[in-house]
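Subject: The structure, and some notes on it

Hi,

Here is the structure I promised to pass on. Have a look at it first, and then read on for what turned up.

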Amino acid sequence: MAMGSFSKRWYLKEHQRIHSGDPTHRCLVCDKIFLQAGDLRKHQRTHTGETPYSCPHCDKSFAQSGGLRNHIRTHTGETPYRCEDCGKRFSQSVHLKKHVRIHTGETPYHCDVCGRSFKRGDTFKIHQRVHTGENPYQCSECNKKFSHLGSLKLHQRVHTRETPYHCTVCGKSFSQSGTLKKHKRIHTGERPFICQVCGKAFTQLPHLKSHLKVHNKKA
């Protein structure tokens, strides 16, 4: 293959550093080194906070043009990345990559403490808090802390008295979806928790556990 041509000797010199491994461009803040001056300029924005790429639809701006392109798709609805297995489409390649793991079963994030594996990095990060005891989300009302945001939001309904889950049969409302699911069994008659000793069935797990004590006493 013929060598690519360059209009200026400077561009040729910059290109040759890719092959020679000569990293001459160094960040004065963190000492990170780059092969090309353009890459260094992009990196320096992480220190300066410069965001020269502005969205024409809203007031958001970005440090790199790629970030702006991804963001604009939230306005245009463009979804150029398509899953070959199910046809679902995504606005960003990283979202497609995460989705594909549903089909492949790939779990690239491994916990060194308990050995569990996860498909997504954010789920893995939340799991690690089980071992570290980290609770970064704090309730502003009572200062109680939680390991992930979802738990904090559920807890805050204790203070706000918000009950967004409504029973379509009797109209009763609940703060959590799980509580509504349990309540619905009153209307449906569903008893999913079955005693393996006598076959008696219950609507809730705590009721089954209380029942099992009867058998334990007889044993």
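To start with a question: are phenylalanine 118 and phenylalanine 124 buried or exposed? Both phenylalanine 118 and phenylalanine 124 are buried. Please keep in mind as you read that this is a predicted model.

**Aromatic rings**

Two aromatic pairs turn up in the structure. In one of them, tyrosine 109 and phenylalanine 124 have ring centres 6.2 Å apart and planes at 25°, so this pair is stacked. Tyrosine 109 belongs to strand β7 (residues 109-110), while phenylalanine 124 belongs to helix α5 (residues 121-132), so the pair ties together parts that are 15 residues apart in sequence. Tyrosine 109 is partly exposed, at a relative accessible area of 30%, whereas phenylalanine 124, at 13% relative accessibility, counts as buried. In the pair of phenylalanine 118 and phenylalanine 124, the ring centres lie 6.0 Å apart and the planes are at 40°, so that pair is tilted. Put together, Tyr109, Phe118 and Phe124 make up one aromatic cluster.

Cysteine 55 is in no disulfide, because its nearest cysteine sulfur, that of cysteine 58, is 3.7 Å away and a disulfide needs the two sulfur atoms within 2.5 Å. Cysteine 83 is likewise in no disulfide, with the sulfur of cysteine 86 as its nearest cysteine sulfur, 3.7 Å away. As for accessibility, cysteine 55 counts as buried at 6% relative accessibility, and cysteine 83 counts as buried at 1%.

**Helix α7**

The last item is helix α7, which covers residues 177-188. Its twelve residues reach 16 Å from the first C-alpha to the last, close to the 16 Å expected at 1.5 Å a residue. Which residues of α7 are buried? They are Leu180, His183 and Arg185. Among the elements that cover these buried residues are β11 (165-166), β12 (173-174) and β13 (193-194). Just after α7 comes glycine 189, which takes a positive phi of about 80°.

If you open the model in your viewer, you could begin with the cluster of Tyr109, Phe118 and Phe124 and then move on to α7 and the strands that cover its buried residues, including β11, β12 and β13.

Best wishes

Technical notes. Residues numbered from 1 in each chain as written. Predicted model: local features only at pLDDT ≥ 70, side-chain atom pairs only at ≥ 80, totals over all residues. Heavy atoms only, no water. Buried < 20%, exposed > 50% of the residue type's maximum accessible area, 1.4 Å probe, protein only. Phe/Tyr/Trp six-rings, centres within 6.5 Å; stacked < 30°, edge-to-face > 60°. Helix = DSSP H or I, 4+ residues; strand = E, 2+ residues; numbered from the N terminus. Expected span 1.5 Å × (residues − 1). Contact = heavy atoms within 4.5 Å.
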